[in-house]
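Hello,

Here is the structure I promised to pass on to you. Please have a look at it first, and then read my notes below.

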Amino acid sequence: MSVRELVVLGTASQVPTRHRNHNGYLLRWDGEGILFDPGEGTQRQMLRAGVAAHDIDRICVTHFHGDHSLGLAGVIQRINLDQVPHPVTAHYPASGQRFFDRLRYATAYRETVKLAEAPVAADGVLATTRAYTLEARLLSHSVESFGYRLTEPDGRRMLPERLAAHGIQGPDVGRIQREGAVGGVGLEDVSEVRRGQRFAFVMDTRLCEGVHALAAGCDMLVIESTFLDEDAVLAEDHGHLTAGQAAAVAHEAGVRHLVLTHFSQRYADPGLFEQQARAAGFDGELTIAQDLVRVPLPKRR
């Protein structure tokens, strides 16, 4: 059975707190794992969350501030220590190549795993697999930052009443799915389009075109909300979003499940983020992220 869920490893911005680790998020997408923004302490959080190095197929770094990338050294070395049997691909801003190099080779270790470097230089598609298309969009932060989006190809949903009406049953159901037609009955006659799932990951940024493009029509949007609305000027100055801004983006984009994260240590009450997100008009499923929680993607429409 396929599993699609977000494993939250850390949710703090800038510095960890007693209750929040630096950033870190693993997206389980069927049999593949995509690790986003491994901040300091990610390797230990993986252990606590039951995430193994073998679970990682891709690493996606939005930008090279420490709370989003200092864990790269430990994660890469752990992948090699555990001799992960499959190749791992790393995506990150091309402008930060020197930072990636330093983190990849921060200390001495034995390389046993093929780590493919796939730096991101501009908006566009990064990878296409049978399960998804991965793309990146430029954000607006104090250093170059990219957000990421996964889009599953659309499929077909079989409709039992139409199958029965056309006398399609038993092995012929599988055959019409494979071949597209059986006895003059086309696949479109007995099925409907099943929209592929969409997931977006948006970290440190002001409001910009990239944020809206990434969020559009998403089933799950993981997005930073570093500040509360009363500190909107501070958010703009530092290249961040407020809870209300993030929620308004999700509302306008038709997001089904909104995950707010990357909270400033200045706020003690996470409930305030939920209040402001609802006040901004978002009425879908809402998660105020906490370390080590698992958030399942919504069921397909």
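**Pro298 and its neighbours**

Not counting residues up to four places away in sequence, Pro298 touches Gln197, Asp219, Met220, Arg256 and His257, where contact means heavy atoms within 4.5 Å. Please keep in mind that this is a predicted model, in which local features need pLDDT of at least 70 and side-chain atom pairs count only at pLDDT 80 or more, while totals for chains, interfaces and linings use all residues. Residues are numbered from 1 along each chain as its sequence is written, and side-chain values use heavy atoms, with hydrogens and water left out.

Pro298 sits in the segment after β18; helices (H or I, at least four residues) and strands (E, at least two) are DSSP runs, numbered from the N terminus. Pro298 counts as buried, at 10% relative accessibility. For this, buried is under 20% relative accessible area, exposed is over 50%, and partly exposed is in between (1.4 Å probe, protein chains only). Glu285 is 13 residues from Pro298 in sequence, and their C-alpha atoms are 9.0 Å apart in space.

One of the contacts of Pro298 is His257, which belongs to strand β16 (residues 257–261). His257 is buried too, with a relative accessible area of 2%. Beyond its neighbours within four places in sequence, His257 is in contact with Asp219, Met220, Leu221, Glu285, Leu286, Thr287, Val295, Pro296 and Pro298.

**Helix α1**

Which residues of helix α1 (residues 42–49) are buried? They are Thr42, Gln45, Met46 and Ala49. Seen down the axis of α1, these buried residues fall within an arc of 105°, so they line one face of the helix; the arc is that of the directions from the helix axis to the C-beta atoms. As background, an α-helix has 3.6 residues a turn, so residues three or four places apart point the same way.

The cover over the buried residues of α1 includes β1 (4–10), β2 (24–29), β3 (32–36), α3 (72–81) and β18 (294–296). On the face turned away from the buried side, α1 carries the exposed residues Arg44, Leu47 and Arg48.

**Cysteines**

How many disulfides does the structure hold? There are zero, a disulfide being a pair of cysteine sulfur atoms within 2.5 Å. The closest cysteine sulfur to that of Cys60 is in Cys218, 14 Å away, which is too far for a bond. Cys60 is buried, with a relative accessible area of 0%, and Cys218 also counts as buried, at 0% relative accessibility.

**The largest pocket**

The largest pocket has a volume of about 260 Å³. Its lining is made up of 15 residues, of which Ser13, Gln14, Thr226, His238 and His240 lie nearest its centre. (On a 1 Å grid over the protein atoms alone, a pocket is an open set of points where a 1.4 Å probe fits, with protein on both sides within 12 Å along at least five of seven lines; lining residues have an atom within 4 Å of a point. A volume is the space filled by probe spheres set on the points, which are joined across faces, edges and corners.) By class, the lining has one nonpolar, 11 polar and three charged residues; Ala, Val, Leu, Ile, Met, Phe, Trp, Tyr, Cys and Pro count as nonpolar, Asp, Glu, Lys and Arg as charged, and the others, Gly among them, as polar.

Best wishes
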